[in-house]
Amino acid sequence: MEIVLRLVSRQRKERTEGLELALANDSSYVNGAQIGVINGAVKSRGAQAGGVNYASGSRGAQIGVINSAVKSRGAQTGVVNYASELSYGAQIGLCNYAIKLRGLQVGLVNITGQDSKGVQIGLLNIITDSPWYTCLIPIAVRTGKRKINL
């Protein structure tokens, strides 16, 4: 296990096992934690905590103001949470977006795509293949092809 402390990472670190602590972190593979204002990783297994967090593949937690992942397996907690392909777990924030949801979204605005299964709890719950008036229901359960509003 290593602990990497630096002010700013000027070049991508190939692999981090342990803790990366800096204003800006950038690694190809992180098995542990990144803590900083800006955190980036191709694959992250563990936690990213900071203002802006990005991972192509995230397994674990992203905690920050803006969290972005192509595939997120775990939790995204922040003001804006974005999964461009898959969110498998929980998104908790003011605005949550996932193309494909397998889990839970809790926020003011929750948006997900057609092929989603899970629960949305919020003021506006938008599923792209549903009629416009269904987004005004505070709890939406998506079971696959049919949507159940509570």
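Reader: Does E17 count as buried, partly exposed or exposed, and at what relative accessibility?

Author: Good place to start, and do keep in mind that this is a predicted model. Buried means under 20% relative accessible area and exposed means over 50%. E17 has a relative accessibility of 27%, which lies in between, so E17 counts as partly exposed.

Reader: Which residue forms a salt bridge with E17?

Author: Look for a side-chain nitrogen of Lys or Arg within 4 Å of a carboxyl oxygen of Glu. The closest N and O atoms of this pair are 2.8 Å apart.

Reader: How many salt bridges does the count come to?

Author: By the 4 Å rule, the count comes to 4.

Reader: Is K100 buried or partly exposed?

Author: The cut-off for buried is under 20% relative accessible area. K100 has 30% relative accessibility, so K100 counts as partly exposed.

Reader: Which residues do salt bridges that share partners join into one network?

Author: R102 lies in strand 3 and D115 in the loop between strand 3 and strand 4, so the pair ties together parts that are 13 residues apart in sequence. Salt bridges that share partners make one network of K100, R102 and D115.

Reader: Is S27 buried or exposed, and which side chain does its own side chain make a polar contact with?

Author: S27 lies in strand 3, which covers residues 24–112. Its relative accessible area is 0%, so S27 is buried. At 2.7 Å, the side chain of S27 makes a polar contact with the side chain of E20.

Reader: Leaving aside neighbours within four places in sequence, which residues is S72 in contact with?

Author: S72 is found in strand 3. At 2% relative accessibility, S72 counts as buried. Leaving aside neighbours within four places in sequence, S72 is in contact with S58, L86, S87 and Y88.

Reader: What distance separates the C-alpha atoms of G60 and Q76?

Author: G60 is found in strand 3, and at 29% relative accessibility G60 counts as partly exposed. Not counting residues up to four places away in sequence, G60 touches G46, R73, G74 and A75. G60 and Q76 are 16 residues apart along the chain, and their C-alpha atoms are separated by 8.6 Å.

Reader: Which element of the protein chain has the lowest mean pLDDT?

Author: The protein chain averages a pLDDT of 86, and 82% of the residues score at least 70. Where pLDDT is low, the predicted coordinates should not be read in detail. Strand 3 has the highest mean, 95, while the lowest, 51, belongs to strand 6.

Methods:
Residues are numbered from 1 along each chain as its sequence is written. This is a predicted model: local features need pLDDT of at least 70, side-chain atom pairs count only at pLDDT 80 or more; totals for chains, interfaces and linings use all residues. Side-chain values use heavy atoms; hydrogens and water are left out. Helices (H or I, at least four residues) and strands (E, at least two) are DSSP runs, numbered from the N terminus. Buried means under 20% relative accessible area, exposed over 50%, partly exposed in between (1.4 Å probe, protein chains only). A polar contact is a pair of N or O atoms within 3.5 Å; within protein, one must be able to donate a hydrogen and the other to accept it, and residues adjacent in sequence count only if both atoms are side-chain atoms. pLDDT is the predictor's confidence in each residue, from 0 to 100. Contact means heavy atoms within 4.5 Å.
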